Number of protein chains: 2
Amino acid sequence: MGLIVQKFGGSSVANTERIRNVARIITDTYKAGNDVIVVLSAQGDTTDDLLEKAAEINPRASKREMDMLLATGEQMSISLCAMAIEALGYPVVSLTGWQAGVRTSRTYGDARVSRIEKERLESELGQRKIVLVAGFQGVNRFDDITTLGRGGSDTSAVALAAALHADLCQIYTDVDGVFTADPRKVEGARKLDEITYGEMLELASLGAQVLHNRSVEMAKKYRVNLEVLSSFSGKPGTKVKEVVKTMEKSHISGVAKDKNIARLALVGLNHEPGTAFKIFSLLAKEKINVDIILQSIGRGDTKDISFTVTRSDLPRAKELLELHHKNLGFERIEVSDRCAKVSIVGAGMIGSPGVAAMMFEALFDAGININMISTSEIKVSVLVDETDADRAVQVIHQRFFREFDQK
Amino acid sequence: MGLIVQKFGGSSVANTERIRNVARIITDTYKAGNDVIVVLSAQGDTTDDLLEKAAEINPRASKREMDMLLATGEQMSISLCAMAIEALGYPVVSLTGWQAGVRTSRTYGDARVSRIEKERLESELGQRKIVLVAGFQGVNRFDDITTLGRGGSDTSAVALAAALHADLCQIYTDVDGVFTADPRKVEGARKLDEITYGEMLELASLGAQVLHNRSVEMAKKYRVNLEVLSSFSGKPGTKVKEVVKTMEKSHISGVAKDKNIARLALVGLNHEPGTAFKIFSLLAKEKINVDIILQSIGRGDTKDISFTVTRSDLPRAKELLELHHKNLGFERIEVSDRCAKVSIVGAGMIGSPGVAAMMFEALFDAGININMISTSEIKVSVLVDETDADRAVQVIHQRFFREFDQK
């Protein structure tokens with residue numbers, strides 16, 4: 001018994017039947033004696049429908065008005081779900097972002113939660129009501145409605161859990177939890193019972209779409225106990241916490257793939273100090289995020305620098321570099337968007353130097369070429385051809401998990 | 001030049017094309033040098049769609065949650081229309097009910113506007129922005145969203161016009177203005193250039209659906225100059241004001257019909273003082289509105305009392321009277337819901353005693369039987385059989401308007 005924050009995504013509330021299902025999960029939690037705050041996303045395709053309507057009227061609509069429009073989606077979800085809970089005979093109240101005291105930065109379309117004004121929430125909980133809060137939205141200092149950008153509802157849930165010192169923050173989704181690899185694609189992928197914030201962060205940023213990075217970062221910062229679980233299966237999910245208790249059989253907790261990757265190579269750069277600085281400060285100024293960077297050993301008086309960006313940033317990055325061609329002094333630019341990043345993640349690999357080698361060996365055995373390598377304390381990423389990506393995940397997963405299973 | 005409040009109904013913003021049309025009307029008004037506040041209803045069928053969704057989940061949902069749900073409709077309209085105005089290159093901001101400072105009574109589903117907190121509105125107007133306000137909604141003392149019930153968006157517009165001392169409040173709809181009779185049904189019905197608040201009130205309450213009574217009452221109270229006009233035709237509409245300047249050719253301004261009428265007759269009541277009081281205080285206590293009352297002259301020691309109520313109140317009224325059968329002491333109850341009320345309205349009839357007679361003569365000539373009669377200073381209503389109603393309107397209209405035309 002305690003305070004539990006639950007978040008349900010758009011597919012969990014897509015229609016009447018699913019809303020009823022969610023209402024049952026919520027009231028079961030309440031019946032067990034807990035205080036319950038629930039964060040809901042917009043129903044299924046609502047947000048896409050609204051975006052389409054807006055695009056028809058004005059493809060360059062202001063972000064302020066887009067937020068005003070999009071925020072209606074979550075407001076519909078909370079009121080409909082409140083009605084379903086009323087039908088089950090439980091006390092409930094739905095609150096929009098501003099009513100729930102979710103104050104944000106001023107940026108429309110991608111606002112940050114700045115603080116939670118808790119009075120209303122605490123007063124409703126004090127009356128033993130189930131409190132439904134519209135996710136993805138808040139209100140800025142001008143009393144304008146803002147939305148929180150991608151993964152916004154997860155962020156709403158974690159922010160509320162942090163502010164109210166919730167005992168647990170459950171993120172309900174359409175998968176059973178966090179897996180060692182994508183279970184739809186990798187045979188033998190299995191659900192993890194627990195995972196650390198750090199591992200979860202690496203997995204999320206590497207394309208495992210279960211939880212958005214922002215919410216995990218916030219959970220880590222405020223020590224919010226997370227659980228990722230399915231609103232359909234009723235099975236226990238994956239707990240995300242600071243330290244994982246269980247002895248892991250493997251050094252890694254997952255294999256992830258990210259196809260949203262493009263590679264640029266500046267070939268024939270002058271071999272002089274400050275070149276890398278110039279390139280990457282130029283890109284940073286234009287808010288282009290650079291991921292893996294590889295600098296070749298200079299041959300004579302030139303060198304090559306390769307790096308990756310997201311695919312959508314590729315045209316802008318290329319244009320920018322060409323514009324500064326003279327200043328940077330390179331021979332040519334080579335680009336490719338036919339690559340993918342495959343990574344292994346695991347807090348356990350810190351003390352196990354053989355982990356990276358095991359990954360490379362698996363790829364070598366399968367005849368998969370590695371274009372770039374990047375490592376962090378709990379992650380090893382390699383850049384491979386897009387066509388090799390799925391097979392790369394499989395052979396790596398098999399090496400790390402199958403073999404342990406067989407022991 | 002001045003401050004103009006414009007209100008557009010659901011059919012005026014039903015789709016992208018119509019929203020663009022509305023955006024043009026608004027920006028034309030702004031271009032002419034006016035400050036402009038615009039109140040919008042939900043798009044076309046949005047409210048019905050939301051009601052249907054709610055009914056599927058919980059047919060007895062609380063009014064609080066219904067208001068939370070329904071308020072999204074107007075929020076969508078204002079943001080989409082703001083985008084259309086942005087596309088035309090004008091400064092605009094959309095505001096929900098709470099952002100626009102529309103404070104209401106606590107009653108969900110049918111709240112009254114209690115006051116307008118003007119700071120935000122004045123600040124946006126001060127920046128020369130076109131201000132779009134979500135109609136039909138406000139916020140009560142608990143900071144809960146409330147809706148204003150039937151005709152709510154008209155009420156929002158008039159309340160804003162009153163609070164900000166607007167020079168004009170234009171109610172855009174899908175008809176050209178207020179007509180002497182329903183133009184779809186009565187040949188020769190014509191648009192009035194002007195009409196008094198009092199006449200408009202009588203017409204609205206008699207079933208002419210152009211403006212809701214609440215908004216006209218508020219306009220009368222705060223002397224708001226109203227204009228009813230079409231968002232499609234571009235023609236001048238009907239002005240609603242305190243005193244009408246033009247010399248009317250006719251003594252009356254319109255003929256209206258109301259089919260939402262049922263008649264009850266208590267036959268064989270004891271002819272003693274206090275019977276009428278007992279009956280109508282009983283009904284009043286149950287909030288059943290009584291319209292026309294007719295008491296027959298007593299024959300010996302009994303009398304009959306007939307009266308009308310709205311059709312939806314008929315079963316409750318009948319049940320109530322039967323319950324108090326002994327106390328009231330009547331012989332039997334006769335009920336009929338096959339009747340209609342036909343009325344003529346006109347401030348000009350006060351000084352013209354022949355007006356009522358002219359109406360009765362027209363009905364007599366057409367062989368239409370009058371069941372009950374009720375008069376006020378600016379109105380004469382008769383109860384006729386439902387099957388006679390449309391013909392009654394036509395012959396009365398012809399008598400009052402055609403004959404004047406021919407002179």
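In which handedness of crossing, left-handed or right-handed, does helix 3 of chain A pass helix 2 of chain B? The crossing is right-handed, the near helix being turned clockwise from the far one by less than a right angle.

This is a predicted model, in which local features need pLDDT of at least 70 and side-chain atom pairs count only at pLDDT 80 or more, while totals for chains, interfaces and linings use all residues. Residues are numbered from 1 along each chain as its sequence is written, and chains are lettered from A in the order in which they are written.

The axes of helix 3 (residues 63-87) of chain A and helix 2 (residues 46-57) of chain B come within 9 Å and cross at roughly 30°; axes are lines fitted to C-alpha atoms over the stretch in contact, with angles from 0 to 180 degrees between N-to-C directions. Helices are DSSP runs (H or I, at least four residues), numbered from the N terminus. The two helices are therefore roughly parallel (angles under 35 degrees).

The table lists the residues in contact (C-beta atoms, placed from the backbone, within 7 Å).

| Helix | Contact residues |
|---|---|
| Helix 3 of chain A | A:Leu80, A:Met83, A:Ala84, A:Ala87 |
| Helix 2 of chain B | B:Lys53, B:Ala54, B:Ile57 |

Of helix 3 of chain A, 23 of its 25 residues are buried (20 or more other C-beta atoms within 10 Å of a residue's own). A:Gly89, with a positive phi near 90°, follows this helix.

Key
Parallel < 35°, antiparallel > 145°, perpendicular 65-115°, else oblique. Contact = placed C-beta atoms within 7 Å. Buried ≥ 20, exposed ≤ 12 C-beta atoms within 10 Å, placed from the backbone.
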